[in-house]
Amino acid sequence: MKAKYILSSMLFAAFGMMFTSCDSDRDDNPTLGPNHTATEFVVNQSPLADQYIQLSPDNTVSLTWTQPNYGVNTVVNYKIQVSVDGATWEQLETSFISCKALISGEEIAKAICKLDGFKTEDEYQEMGFRQISMRVIANIQTTSSQVIPGTTITSNVVTFNHMAAYCNIPSKATLWVIGSCCGWPEPSAGNKQTLVDGNWFIMETEIGNKVFKGSVEMPEGDLTFRFYGKLTGWDGGDSYGFIEDDTATEFSFSDGVFKNTIKKGKGSYYFPGFPGGVLDITVDLNKGTVEFVLQ
């Protein structure tokens, strides 16, 4: 039988409409009595359970369930858990407050990679289509997001029998230094090893914090460069510089230090008559600032 690959988030979402949704939630949280252990919490098996689902950053998987019976009408917090063996579970970050969810394919793939024990991209191996289990954890929380004791309940387990992940392993992001210093190589995947060998890059200090630091040895002479977050070519859209336009702006150091701003664009930093030496580079994409310190 020919495998059917389902990649459209609209298709996943459409099937979610087939199920009965839960009752309307109230904005207030009534006081729970002593007997507030929930009952009757069931996740519906997806009609796509036997389809071949290739996860991607652009698709979603739909799940629906019945609201746990707490004996009162209240807002319930839901989280999805994923397993590759039905024994060890990884909880996804996104929370839901209704009885249905469009779960990011990117988030599911990240959880599967973690369950498989892959810590780096070099370790990653394609595992193909296999059975992936899911369940839902429900609880009631205070206004400060603290779980009220005794309100947590775990649903039944449902399966997707042919689901494939992809390499989605969190790691520190890279900013590539592209300019006259390294001969203006195209910021493409084919030049990655050349850039790595030449140490033409700086790294995030922590995963996902968008603060980059590193030391790069710059040659003597007129120095022009900007940064690239991805090696997707000159027009890949992930370049960073002083201005948006592809124009070099002339600057100078003050006692070996340069501080200024950075934004998405191709506006290079230009330092005529650079004396050469190791440059300590800090780029903060949250604040939109750069600092270059000549050792």
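On a 1 Å grid over the protein atoms alone, a cavity is a set of points where a 1.4 Å probe fits but cannot get out, and a pocket is an open set with protein on both sides within 12 Å along at least five of seven lines; lining residues have an atom within 4 Å of a point. Everything here comes from a predicted model, where local features need pLDDT of at least 70 and side-chain atom pairs count only at pLDDT 80 or more, while totals for chains, interfaces and linings use all residues. Residues are numbered from 1 along each chain as its sequence is written, and side-chain values use heavy atoms, with hydrogens and water left out.

A search of the whole structure turns up 1 cavity of 30 Å³ or more.

As for open space, the largest pocket comes to about 1000 Å³. It has 28 lining residues, with Ser171, Lys172, Ala173, Thr174 and Gly229 nearest its centre. The second largest pocket, at about 230 Å³, is lined by 15 residues, and helix 2 gives the most to that lining, with 5 residues.

The protein chain has 3 helices and 19 strands; these are DSSP runs numbered from the N terminus, with helices (H or I) of at least four residues and strands (E) of at least two. Of its 295 residues, 41% are buried (under 20% relative accessible area with a 1.4 Å probe, protein chains only; exposed is over 50%, partly exposed in between).

Helix 2 spans residues 105-115, and among its buried residues are Ile108, Ala109 and Ile112. Cover for the buried residues of helix 2 includes strand 3, strand 4 (90-96) and strand 6 (130-139). Ser104 caps the N-terminal end, with a side-chain oxygen 3.1 Å from the backbone nitrogen of Glu106. After the helix comes Gly117, which has a positive phi, near 85°.

The largest nonpolar core holds 34 residues, of which Leu55, Trp65 and Met134 touch the most other members (a core is a set of buried Ala, Val, Leu, Ile, Met, Phe, Trp, Tyr and Cys residues joined through side-chain atoms within 4.5 Å). Helix 2 and strand 3 are among the elements that each supply at least two residues of this core. Another core, of 29 residues, lies apart from it and includes Phe212 and Ile281.

Strand 3 (residues 77-83) also carries Gln81, which counts as buried because its relative accessibility is 11%. The Gln81 side chain makes polar contacts with the side chains of Gln91, at 3.0 Å, and Arg135, at 2.7 Å (a pair of N or O atoms within 3.5 Å; within protein, one must be able to donate a hydrogen and the other to accept it, and residues adjacent in sequence count only if both atoms are side-chain atoms). Asn77 sits in strand 3 too and is buried, at 13% relative accessible area. Its side chain makes a polar contact of 3.3 Å with that of Gln141.

Notes: Points joined across faces, edges and corners; volume = space filled by probe spheres on them. Contact = heavy atoms within 4.5 Å.
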